[in-house]
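Here is a short briefing on one chain and its surroundings. Keep the structure open as you read.

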Amino acid sequence: MATLPGPMLEVRDLRVTYRNGERAVPAVRGVSFTLDRGQTLGIAGESGSGKSTMALSLLRLLAPSAQVTGQVLFNGEDLLTGRWARLRAVRWSAASVVFQGAMSALNPVRTIGEQICEPILLHDKVGQKAARKRAAELLDSVGVLSRRLDSYPHEFSGGQRQRIMIAMALACRPDLVIADEPTTALDVMVQAQVLELLGELVRESGIGVIMISHDLSVLSHMCERLAVMYAGQIAEIGPAKQLITDPRHPYTRALGRAFPTIGDPASRLAPSGLPGDPPTPPELARLSEGKGCAFEPRCPDAAAACRTETVELWASGPEREAACLRVLEGATS
Amino acid sequence: MTPVLEVRDLMVTYPARRGAAPARAVDGVNLQVGQGEIVALVGESGCGKSSLARALVGLVKPASGQILRDGEPLGYSAAALKAFRRHTQLVLQDPGGALNPRQNVFDAVAEGPRLHGLTDGLAARVHSALTRAGLRPPEEFAGRFPHEMSGGQQQRVVIAGALALEPSVIVADEPVASLDASVRGEILKLILELRDSLGLSALVVSHDLGLAWNIADRIAVMYLGRIVETGTVEEVLLRPKHPYTKALLSVLPDSGGRPVLLAGEPPDPTSVPGGCRFHPRCPLRAVEQDALCDSRDLPVLTGDPSVSSLAACHLAEQ
Amino acid sequence: MSATTLAPAALEVPRHHAVSRFCRAYAKRPAGLVGLGLLVAFGVLALAAPLFIGDDQLNVIKVDGPQLSPPIDGYPLGTDQAGRSVLLMVIWGARESLSIGIIATVLTVILGSTVGLLAGHYQGWVGKVLMHVTDWFIALPSLPLAISLSAVLGQGAASITIAIAVTSWTATARLVRAQTIAVEARPFIERAKVLGAGNTQIMIRHVLPNVMPLILVSSTLTVASAILSEATLTFLGLGDPTSVTWGSMLQAAFGGGAVTAGAWWYLMPPGIAILIIVLGFTLVGRAVEHVLNPRMVN
């Protein structure tokens with residue numbers, strides 16, 4: 001793909017609304033960010049925060065009941081308005097996805113060799129032999145023995161299947177990989193192995209990665225930049241290390257504390273959480289109509305203004321932004 | 001003092017599929033939970049921690065060994081089990097699945113008392129259990145059905161259902177694994193509060209070492225059906241002796257040091273290796289080449305709570 | 001427990017919640033409402049029939065209408081060869097057909113659900129034995145069984161009802177067993193056990209309410225097929241010759257030469273009545289299924 005000026009991926013005011021009969025449920029409510037080649041962006045959030053919907057909508061992978069607006073510029077081309085044929089070419093060859101459940105994302109009745117070869121044959125226009133050779137190399141690179149090319153998915157363990165998913169995602173040497181909770185179902189030890197692998201591949205190949213997870217500590221370890229989503233919007237975005245050590249949004253702070261650091265006396269026998277629950281779909285619909293901060297009902301430092309003022313992302317430091325009125329206070333005082 | 005719940009030389013096996021050896025899910029475990037104590041049982045999936053939890057509430061009958069409550073061994077007649085369960089309650093991982101979708105909150109919480117014939121003042125009992133579990137005001141929740149609540153609220157209902165029987169110990173199998181990060185802490189806080197206010201003891205099963213740091217007094221690390229290291233949380237998590245505990249700690253994202261990645265996947269309980277069961281994956285043994293590791297079996301850890309830390313390893317400095 | 005004092009009534013919960021929710025959802029299904037309307041209409045007619053149909057209108061000896069007459073004034077659907085009004089016979093026939101269908105279904109559901117529930121819950125030898133018995137009954141051919149049953153029990157409604165129940169409970173049993181096994185695998189069964197529930201309590205309080213929707217749906221469809229079976233068996237001459245049912249009307253019409261005489265008014269009404277009632281039950285069954293099992297809709 002020719003190198004174009006500007007970032008590889010630019011998302012502008014992305015909104016996704018699910019239509020459910022009479023009801024409209026806004027899942028993503030205006031998300032903007034950019035990602036360059038070789039950069040890694042982590043997206044953190046709880047279930048219902050819209051993080052997976054947002055990531056899948058980039059490649060128009062959502063059901064037809066989802067209405068997507070905004071712009072997704074990939075190498076300067078808007079994926080949301082482009083033709084389907086063009087989009088199909090972009091999927092896998094230029095941008096690919098590692099899904100959450102490797103077992104359900106792999107076809108159980110076809111060998112993994114066939115499944116890895118499929119996108120190569122489709123997009124790279126090479127022969128069967130060359131495709132198999134590339135598939136074998138890919139398996140080697142993710143640490144699965146290449147002689148197992150003719151095995152079926154159920155013959156592998158969960159960790160190996162997730163490695164195979166990664167191999168498939170890398171099959172056509174994409175510029176962008178979207179990894180949706182790639183390690184969630186895995187054990188700690190296997191998770192560490194898969195993350196290590198993913199990190200190595202990214203460093204070597206200079207691929208842009210969007211990694212989605214509920215686990216802030218995993219993301220901060222893997223990604224340079226981090227976006228924390230709440231109720232369909234970005235609550236805070238910035239360099240990963242800074243977001244962990246010096247969060248500006250109270251929600252980022254709460255998420256960071258939810259998984260304690262072992263050895264930290266402050267968290268010993270003192271688990272930390274947030275009262276209440278993330279907004280339900282009907283509450284989200286109400287939020288989009290009214291004013292005020294979506295996080296206000298659960299916020300430990302909420303003020304009266306949080307209920308009436310509209311919050312948006314404000315600069316909270318170099319290269320970082322937070323959607324909290326307290327950030328503005330900090331800037332003026 | 002007699003522990004509230006004690007496990008002695010427990011073995012749980014599952015019959016094999018045709019031709020294969022039986023799976024030794026729990027393969028010799030000693031464990032004690034004292035009055036008002038919270039013990040964390042951690043390990044990877046398939047290590048036998050869930051089987052141990054199920055055996056502790058009498059859902060699985062052990063192949064051998066004993067479970068004792070206040071020093072009394074658990075019998076397996078219907079009446080003995082019922083009496084035992086009055087005092088030992090289970091909290092499951094997936095609160096959505098643990099509640100009958102056709103029962104409202106009141107009935108779900110009242111179920112235990114009704115089964116045990118505690119129907120005098122049932123409404124007050126349910127009210128109190130809901131309040132203690134943090135579902136306030138209880139009137140607002142009593143008529144709701146599981147699908148009308150969030151995961152955190154559902155887990156509180158499950159906990160309230162257990163509390164309604166006024167148990168002395170709760171066995172919680174991954175109580176927060178399916179909950180959102182921000183809700184996780186609230187449920188853990190609740191378990192700590194219940195210990196402080198009611199003197200409730202708990203055995204919390206988890207894959208998450210951070211959870212142990214958050215709420216447990218003591219910890220037991222399980223690998224392939226055995227406890228490989230046990231002791232106080234501070235001792236085990238800050239000064240681990242067993243190479244497996246060390247490896248688990250090293251792969252935590254914020255551990256700082258270099259992660260020790262164990263080769264391979266969690267092993268198979270149908271074919272437990274001889275000698276030290278961890279030896280095929282052990283990073284220490286690979287360096288030391290100690291012949292003892294693959295030949296000499298290790299004794300089962302006593303689980304003595306008065307010792308600050310015990311490790312089942314030939315190479316660990318005791 | 002704590003000092004919390006509370007009037008016990010304060011936490012009692014209204015029970016009609018689920019029922020009213022069901023009704024509201026059902027009301028949104030037009031096909032279900034049509035089916036329900038058909039069934040209610042037939043039910044009311046059948047129940048009210050003795051108020052306007054007397055013995056002198058159905059007794060072959062006492063009637064005085066024209067014989068095998070096409071629809072004329074006073075006999076909107078014509079008459080049979082004895083001079084009885086076909087319209088009144090169809091209305092009267094609904095009594096027997098519906099009651100046989102419903103009683104046979106109740107027997108089927110009770111027998112099938114009990115066996116299915118027990119076989120699903122006790123998966124040891126009890127379950128194995130029960131499923132073997134079920135398999136034998138599946139292998140039994142229903143028509144010869146019904147014929148031999150009526151030979152033993154004598155012709156009439158009772159033997160037809162029993163024959164239908166005996167041959168159709170196996171399908172319900174298999175269905176309920178499969179669903180029971182699925183429900184028992186869910187974690188709330190484990191929770192109930194730990195709370196102290198025994199086998200009976202688990203089956204009645206936890207499994208049955210979750211299997212009930214399926215039983216309800218399948219029973220509406222069983223009623224439809226039982227009514228069809230009743231008509232078939234009576235048509236074959238296994239019913240009580242003196243009673244008026246849709247099946248016996250068809251049999252009498254056929255035997256009395258209605259086909260050769262071109263007496264369509266005698267053959268059509270019972271056939272259409274069977275069609276409508278089966279359609280009614282099927283529509284209701286489908287609607288109930290959709291309301292109780294919303295996943296099927298998507």
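Helix 7 of chain B covers residues 151-163, 13 residues in total. In this predicted model, helix 7 of chain B reaches 18 Å from its first C-alpha to its last, close to the 18 Å expected at 1.5 Å a residue.

**Burial of helix 7**
- 11 of the 13 residues of helix 7 of chain B are buried, so this helix is largely enclosed by the rest of the structure.
- The buried residues include G152(B), Q154(B), Q155(B) and R156(B).
- Also buried are V157(B), V158(B), I159(B), A160(B), G161(B), A162(B) and L163(B).

**Packing against helix 4**
- The axes of helix 4 (residues 105-115) and helix 7 of chain B come within 7 Å and cross at roughly 30°.
- That angle is under 35 degrees, so helix 4 of chain B counts as roughly parallel to helix 7 of chain B.
- The crossing of these two helices is right-handed.
- Helix 4 of chain B contributes V105(B), A108(B), V109(B), E111(B) and G112(B) to the contact.
- Helix 7 of chain B contributes V157(B), A160(B) and G161(B).
- By class, this contact has five nonpolar, two polar and one charged residues.

**Interface with chain A**
- 33 residues of chain B are in contact with 34 residues of chain A.
- On the chain B side, helix 8 (181-198), helix 9 (209-215), helix 10 (233-238) and helix 11 (243-250) each give two or more residues.
- Helix 8 of chain B gives the most, with nine residues.
- The side of chain B that touches chain A has 18 nonpolar, eight polar and seven charged residues.

Conventions:
Residues numbered from 1 in each chain as written. Chains lettered and ligands numbered in written order. Predicted model: local features only at pLDDT ≥ 70, side-chain atom pairs only at ≥ 80, totals over all residues. Contact = placed C-beta atoms within 7 Å. Helix = DSSP H or I, 4+ residues; strand = E, 2+ residues; numbered from the N terminus. Nonpolar A, V, L, I, M, F, W, Y, C, P; charged D, E, K, R; others polar. Expected span 1.5 Å × (residues − 1). Buried ≥ 20, exposed ≤ 12 C-beta atoms within 10 Å, placed from the backbone. Axes fitted to C-alpha atoms, helices over the stretch in contact; angles between N-to-C directions. Parallel < 35°, antiparallel > 145°, perpendicular 65-115°, else oblique. Left-handed = near helix turned anticlockwise from the far one by under 90°.
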